[in-house]
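These are my notes on a structure that I am consulting for the first time. I record each item in the order in which I looked it up.

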Amino acid sequence: MSYPREISDANPDYGSDGRKMDSPNAWPPDSKALPDAIDDGEQQIIEAGEAKYHRLGWKRLTIMLIVEAIGLGALSIPSAFATLGMVAGVICCVGIGLIAIYTSYVIGQVKLAFPAVRHYGDAGGLLMGRVGNELFTTMLVLQLVFLTGSNCLTGTIAFRHLAQNEHVCSVVFGAVSAIILLLLSIPSSFADMAFLGYIDFVSIVAAIGITIIATGIKGTEAGLSTVDWSALPQGNPSFSDGFIAISNIVFAYTFASCLFSFMDEMHTPKDFTKSVWTLGILQIVIYTITGATIYAFVGHKVDSPALLSAGSIVSKVAFGIALPVIFISGAICTIVAGRLIHGRIYEKSVTRYVNTTKGWITWLALITVLTILAWIIAEAIPFFDDLLSIISALFTSGFSFYLPPIMWFVLIRKGSWYSKENLFLSIVNFLVFIFGLVVLVGGLYSSIQDIVSGLDPARRMGANHGHLEKQLPHWQRPWGI
């Protein structure tokens, strides 16, 4: 019979299932993707399923990464520039973008070397055995569910801002947001979602463009020479303020956690480098231009998200145009989590291909449960914004920054770290690892500080009167993933 998982000799020390040949306890264990005894009908389902889940080319992969990476979070970057100053803001946008490109390249190299790695959990299995697989899988699913909840909350706030109807309960808007997220999560293949990615990209570019033009017009009318932007930080910001600003930029670049899952659907995985470089350069350009121009037009009083600085009417227009970003990005998170869980439950069954009646029933049931769970989290948990920030600091810092260097050292490095061929990359990976740890520690500290500050009744009262941004997480606010 034929098996669906391809075999690669990219790393001869490991078998086709990703298990190190001389390590009896390594993960994954010796097992076939499907049982040995299958009939012709099941073989046809397998072949159709493999064709369904291997249609992603590098262009579509780029679109999927754009959906995951570039959202309305880009409009929180001007406020980061206001805290850091123009010089530090530009340096952070470019420097962190280059780091994100490199760590994503490392993740792609791991996927090429170990084709059986279908998601970050499998990579954790290569590093730490079964414990690593379960730990990384739990981390990834938890992060994705909370991010879906974040997008559900964002949809609720956006609808409230657009409607400005105090008689409509926010739970109603939340339910509508959850239903939209669920409907967009029905396609189980990323290739099927790619066409929505084009809508997503046009949506966010249009929203950013409208904001830049509107703030530029307002700044010109008031006199650009009077705008109080500065090359250096103003007002002696605290460590927490500074790190929150840096975090807005850091988490705008975090798209690596889903790269394994996306690459698993590529028909030519080695082309991933084109996608990573295209997305990385696009992000650097968009974020730097957005942050620098809007900050230069508005000054240190720029709102977060920056479209609130464009005026009431323009901000409503921008919110309306940006609605696809909110829901498509959230649906992608649900699909990634659903594919991971569904694939593990039906690992040895053709049901995992979601091309049979049972497959579709179980898939629809699973994404419904995930969406409801995300909605409950968004509606019920106090301090949801800070909780999301803690989740981001704990998990995203690892998936995108300090774990890829570990994977380079353990999984794909050939020869000693201090050899002539490896010394430069060893230093680079060590520095990236340290950067990831700084993001982890600084992010947790800033989140805790924000919670403590949020307990101040006066500050919380101000948060509920006209400042939309105060309802949102202080970094990677749920305006897009």
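The model I am reading is a predicted one.

Entry one, contacts along the chain. I looked up the contacts between residues at least 6 apart in sequence and found that 84% of them join residues at least 24 apart.

Entry two, the chain as a whole. I noted 15 helices and zero strands in its secondary structure. Of its 481 residues, 55% count as buried. The chain exposes about 19700 Å², and I recorded that carbon and sulfur atoms supply 66% of this area.

I turned to helix α3, residues 77–84, and helix α8, residues 239–250, whose axes come within 8 Å and cross at roughly 145°. On the α3 side, the contact is made by I77, S79, A80, T83 and L84. On the α8 side, I listed D241, G242, A245, I246, N248 and I249.

How many disulfides does a search of the whole structure find? I recorded zero. For C333, which is in no disulfide, the nearest cysteine sulfur is that of C258, 6.0 Å away; a disulfide would require the two sulfur atoms to be within 2.5 Å. I also checked burial: C333 is buried, with a relative accessible area of 3%. C152 is likewise buried, and its relative accessible area is 1%.

Notes:
Residues are numbered from 1 along each chain as its sequence is written. This is a predicted model: local features need pLDDT of at least 70, side-chain atom pairs count only at pLDDT 80 or more; totals for chains, interfaces and linings use all residues. Side-chain values use heavy atoms; hydrogens and water are left out. Axes are lines fitted to C-alpha atoms, for helices over the stretch in contact, and angles run from 0 to 180 degrees between N-to-C directions. Helices (H or I, at least four residues) and strands (E, at least two) are DSSP runs, numbered from the N terminus. Contact means heavy atoms within 4.5 Å. Buried means under 20% relative accessible area, exposed over 50%, partly exposed in between (1.4 Å probe, protein chains only). Accessible areas come from the Shrake-Rupley method with a 1.4 Å probe; for residues, only the protein chains shown count as cover.
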